[in-house]
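Welcome! Have a look at the model below, and then we can walk through it together, one question at a time.

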Amino acid sequence: MASIGKIVGVNGNLIRVAFDGAVAQNEVGFAKLSSGVELKSEVIRIRGDYAELQVFEDTTGLKAGDEVHFTGELLSVELGPGLLTQVFDGLQNPLPNLAEECGFFLQRGKYLPALPRDRKWSFTPAAKVGDTVTGGDTLGTVPEGIFKHRIMVPFRVRGQVTVESIVPAGEHVVEDVVAVLKDAEGKKIEVKMYQTWPVKVPIKNYQERLRPTKPLTMQQRIIDTFFPVAQGGTFCTPGPFGAGKTVLQQLMSRYADVDVVILAACGERAGEVVETLREFPELNDPRTGKSLMDRTLIICNTSSMPVAAREASVYTGVTIAEYYRQMGLNVLLLADSTSRWAQALREMSGRLEEIPGEEAFPAYLESTIASFYERGGVVKLRDGSTGSVTICGSVSPAGGNFEEPVTQATLKVVGAFLGLSRERSDQRRFPAIHPLESWSKYEGIIETSKVEDARHILAAGNDVNQMMKVVGEEGTSIEDFITYLKSEYLDSVYLQQDAYHEIDAACSADRQKYVFDRVYKILKTPMEFADKDSARGFFLKLTQATKDWNRVAFDSNEFKSLEEQIFNSVAEVTKNV
Amino acid sequence: MYKVYHRIERIAGSVITVKADGVANQELAQVTSAQGTSLARVIRIDGDMVDLQVFAGARGIATDSQVRFLGKPMEIPFSDALLGRVFTGAGVPRDNGPAIEENPVAIGGPSVNPAKRIIPKTMVRTGIPMIDVFNTLVVSQKLPIFSVAGEPYNQLLARIALQAEVDVIVLGGMGLKHDDYLYLKDYLDQNGALSRTVMFVHTASDPIVESLLVPDASLAVAEQFATRGKNVLVLLTDMTNFADAMKEISITMEQIPSNRGYPGDLYSQLASRYEKAVDFEGSGSITILAVTTMPGDDVTHPVPDNTGYITEGQFYLKHGRIEPFGSLSRLKQQVNGKTRSDHRTIMNTMIQLYASYKETLEKQSMGFRMSNWDNKLLKYGERFEKEMMDLSVNIPLEKALDLGWEILADCFTPEETGIPSKMINQYWPKKG
């Protein structure tokens with residue numbers, strides 16, 4: 001059924017192929033160079049007898065007349081045990097293995113299997129002969145790191161099938177057939193320990209989708225308290241260059257309260273991926289005590305790698321995320337950056353000579369972004385357990401201007417917006433999430449009314465600050481001035497966090513509740529000062545003391561004594577009120 | 001052995017179209033017309049119509065000019081004989097020396113496997129305090145110099161080239177003024193650095209296509225040296241001209257522009273060049289410094305904006321000085337903890353005090369009375385600008401740190417600087 005075509009045109013990484021027989025949209029084809037090397041490509045448009053394919057590699061050397069072999073299959077990934085801890089490129093080639101074979105440089109047309117074929121897994125059956133099952137049901141488990149990795153009935157199996165045979169507990173490699181199923185028509189289906197799934201199709205083998213309500217803590221105060229994210233929610237972090245998007249994503253990948261983290265480095269600097277690559281194996285996951293790498297998977301399609309594979313990389317990421325969700329796990333997908341992915345779409349659209357939309361992005365940009373974020377969510381699986389995929393996309397708007405198409409299209413479909421600002425990062429206020437412009441539709445760990453109140457103080461303080469720039473400190477009343485100082489206090493001791501401090505880098509949910517309660521109390525305390533200088537002096541000291549408080553371990557004696565010290569000093573200025 | 005074509009179907013800008021069979025994408029061809037011979041490369045194939053970009057431009061090419069396909073993509077010769085030589089972007093000598101033809105390597109080669117990269121760890125010493133102390137340059141870093149026309153960016157590049165402790169310098173000039181080209185060449189020559197330099201130069205009057213080839217040629221040569229264990233510094237000036245050349249070509253090719261006329265793949269194009277910066281595990285390295293002039297001093301212009309997202313920081317060159325604010329080396333944290341124990345202290349303290357000085361200047365210009373503290377800051381700011389920021393200052397890092405302490409001690413008491421007392425005890429100059 002697979003057709004063969006001939007190249008008739010080459011334009012950048014787009015080839016036009018004349019074919020006979022049938023060709024499917026998004027089908028994979030291999031373009032054969034005269035040297036024999038085959039380049040992976042994907043059909044993106046069909047017109048009459050011509051199919052247009054984007055090539056996932058450099059097209060140097062392709063000629064008119066070169067052959068293209070269509071595979072009859074959509075662009076797919078391998079799903080099975082052994083995915084975690086790996087580093088893949090956008091097409092799921094394991095990069096370390098490629099490096100072993102090819103050395104320093106990536107070689108064109110070199111593809112390796114994603115899952116190790118010779119590794120043995122200890123399989124424990126969960127289903128028995130005669131059971132009725134359907135796509136996504138568990139047949140058995142193998143231990144993968146800290147998880148029980150479920151070996152499931154292939155997702156594409158629809159309707160009820162019967163287990164005809166299943167292997168007993170024992171060691172198997174992924175290629176081994178572990179079960180044979182029989183469908184209603186009596187057709188036999190062999191089940192291996194891995195399956196393939198097309199990346200652009202969401203996995204829907206669950207009972208129902210639930211509303212994301214449970215907070216997903218990141219141990220970052222400004223996020224968890226002010227702009228919370230829910231398990232199964234979607235959020236974005238747009239920001240100009242240098243505002244700390246990547247540092248923020250690295251913090252999230254370390255401290256997020258999830259089972260599996262998938263980092264999709266999409267068209268960004270290789271150097272940043274290398275940091276994660278080299279540092280994560282050394283770091284411990286505070287939840288399990290094991291290496292952080294054990295729960296992490298990196299998909300790395302850096303900016304210099306071919307642009308079409310960049311587009312595939314976010315889909316590869318989200319498909320693997322959905323796969324682990326099917327095991328009842330909570331997965332966080334961090335995509336850095338979705339703008340590069342959108343630019344990849346723009347490049348292809350330009351080559352296809354489609355009528356451009358705003359800033360030359362294709363007209364389908366919005367729907368493409370929307371359907372990507374919609375793949376996040378909490379689901380109830382058929383065995384009653386729940387799993388979730390939370391998606392965080394960082395956005396790199398041109399010129400740091402949020403009014404551009406990618407940011408706007410993203411804002412429409414996400415549940416939380418953590419806007420990073422150049423102004424705050426220039427002031428060295430980290431994380432540079434803007435407290436007045438950002439928003440979240442999810443419920444957090446702290447009572448909403450109190451958080452709202454705290455935001456009002458920030459807004460009021462900001463107003464006073466703007467006014468002071470015009471009328472000067474002299475023209476500002478002492479009450480307004482105190483409001484301003486209080487908002488600055490909240491900003492410096494609560495919103496800001498020292499990412500490089502061993503304790504302050506992560507603030508647990510319990511600690512946040514405790515500290516927020518105390519800080520909130522201070523904000524609501526009426527205070528009286530003789531003049532502005534003494535007010536400023538008091539808040540400077542209070543800020544210093546509270547920052548020290550943030551830097552000591554929760555529930556240590558020092559923590560208690562510093563807290564006492566803070567409240568004693570607050571009592572000093574409230575005596576006369 | 002190669003087929004020769006005599007019929008040119010279309011000529012637009014520097015792109016010509018011929019009817020030909022069996023031609024490969026990116027293949028090189030020789031175009032001979034009454035104006036002479038030029039190389040060209042295939043950039044689009046549509047059926048039997050082949051678009052070629054003519055390096056020397058299409059001026060004077062006739063419909064019956066001769067096109068001979070060479071059956072190979074663009075290559076650049078590589079050998080140690082390249083050192084001390086000057087070439088055009090197409091690899092033709094422009095210094096009257098002999099042509100080099102040995103060991104050709106393809107340009108624009110594949111990207112480095114991220115799994116083979118290592119975390120950068122070695123500082124590049126430049127003798128410029130604003131770089132060494134405040135925004136340390138690191139081996140394998142890619143860093144642009146954001147500047148505007150008229151600033152001495154080429155002088156800065158030349159000085160860094162001269163003083164950086166590297167094995168090989170590759171200088172790529174795009175749209176260079178001829179004077180600037182001669183200046184760079186003479187400066188390196190006079191200071192004895194030409195013998196470890198390879199230059200690929202496209203001057204403003206040369207055909208625009210050659211400008212496109214300069215970064216690729218420079219980086220291909222750099223990669224060859226680096227995989228042979230050499231530490232290479234690549235200097236590119238000016239990347240905005242490179243981007244403008246891309247713009248020109250893509251518009252002649254009738255491609256849909258994305259932002260201010262630049263092609264939609266500007267980011268990918270710039271990134272694929274900058275990402276060549278690398279530290280090879282167990283071998284050499286490539287460090288890239290690239291001038292990017294900002295049209296209208298606007299950092300949100302597509303070229304500096306896209307560059308900022310790709311590179312690991314930036315230097316702002318303004319009013320003949322590297323601005324301490326806005327300039328950033330993202331990799332400095334990797335190295336400045338290991339130089340001298342006071343490096344970070346001096347770096348942070350001096351910048352904070354300089355920021356206060358700027359505030360005082362503002363107050364002064366508004367006519368406020370200067371307090372005692374303000375006067376101290378004014379004295380400090382002046383010394384800082386003159387002895388640290390000025391580009392003519394040329395001292396090693398350790399001397400610069402000592403100078404930092406001396407300036408601080410001259411202007412302030414230890415408490416006023418907010419430096420931890422442990423540091424003060426160790427480094428504060430004793431009056432004597």
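Q: Is A:Lys187 buried or exposed, and why?
A: First, a word on what you see: this is a predicted model, in which local features need pLDDT of at least 70, side-chain atom pairs count only at pLDDT 80 or more, and totals for chains, interfaces and linings use all residues. Residues are numbered from 1 along each chain as its sequence is written, while chains are lettered from A and ligands numbered from 1 in the order in which they are written. A residue is buried if 20 or more other C-beta atoms (placed from the backbone) lie within 10 Å of its own, exposed if 12 or fewer, and partly exposed in between. Because A:Lys187 has 9 other C-beta atoms within 10 Å, A:Lys187 is exposed.

Q: Where is the place of A:Lys187 in chain A?
A: Helices (H or I, at least four residues) and strands (E, at least two) are DSSP runs, numbered from the N terminus. A:Lys187 sits in the loop between strand S15 (177-182) and strand S16 (188-192) of chain A.

Q: In which sense do S1 and S2 of chain A pair?
A: Two strands pair if DSSP finds at least two bridges between them. Strand S1 covers residues 4-11 and strand S2 residues 14-19. In their hairpin, two residues lie between the strands, and A:Gly12 takes a positive phi near 60°. Over six bridges, the pairing of S1(A) and S2(A) is antiparallel.

Q: What is the bridge partner of A:Arg16 in S5(A)?
A: S2(A) also pairs with strand S5 (residues 50-55) of chain A, in the antiparallel sense over five bridges. In S5(A), the partner of A:Arg16 is A:Glu52.

Q: What is the bridge partner of A:Asn11 in S5(B)?
A: Within chain A, A:Asn11 has A:Leu14 of S2(A) as a bridge partner. S1(A) also pairs with S5(B), antiparallel over three bridges. In S5(B), the partner of A:Asn11 is B:Arg44.

Q: Which element gives the largest share of the side of chain B that touches chain A?
A: Residues are in contact if their C-beta atoms, placed from the backbone, lie within 7 Å. The contact takes 43 residues from chain B and 47 residues from chain A. On the chain B side, the elements giving two or more residues are strand S5 (36-46), strand S17 (257-259), helix H6 (266-274) and helix H7 (302-310). The largest share, five residues, comes from H7(B).

Q: Are H11(A) and H12(A) roughly parallel or antiparallel to each other, and why?
A: Helix H11 (residues 478-495) and helix H12 (residues 509-524) of chain A pack at about 165°, with axes 10 Å apart. Axes are lines fitted to C-alpha atoms, for helices over the stretch in contact, and angles run from 0 to 180 degrees between N-to-C directions. Angles under 35 degrees count as roughly parallel, over 145 as roughly antiparallel, 65 to 115 as roughly perpendicular and the rest as oblique. H11(A) and H12(A) are therefore roughly antiparallel.

Technical notes: Contact = placed C-beta atoms within 7 Å.
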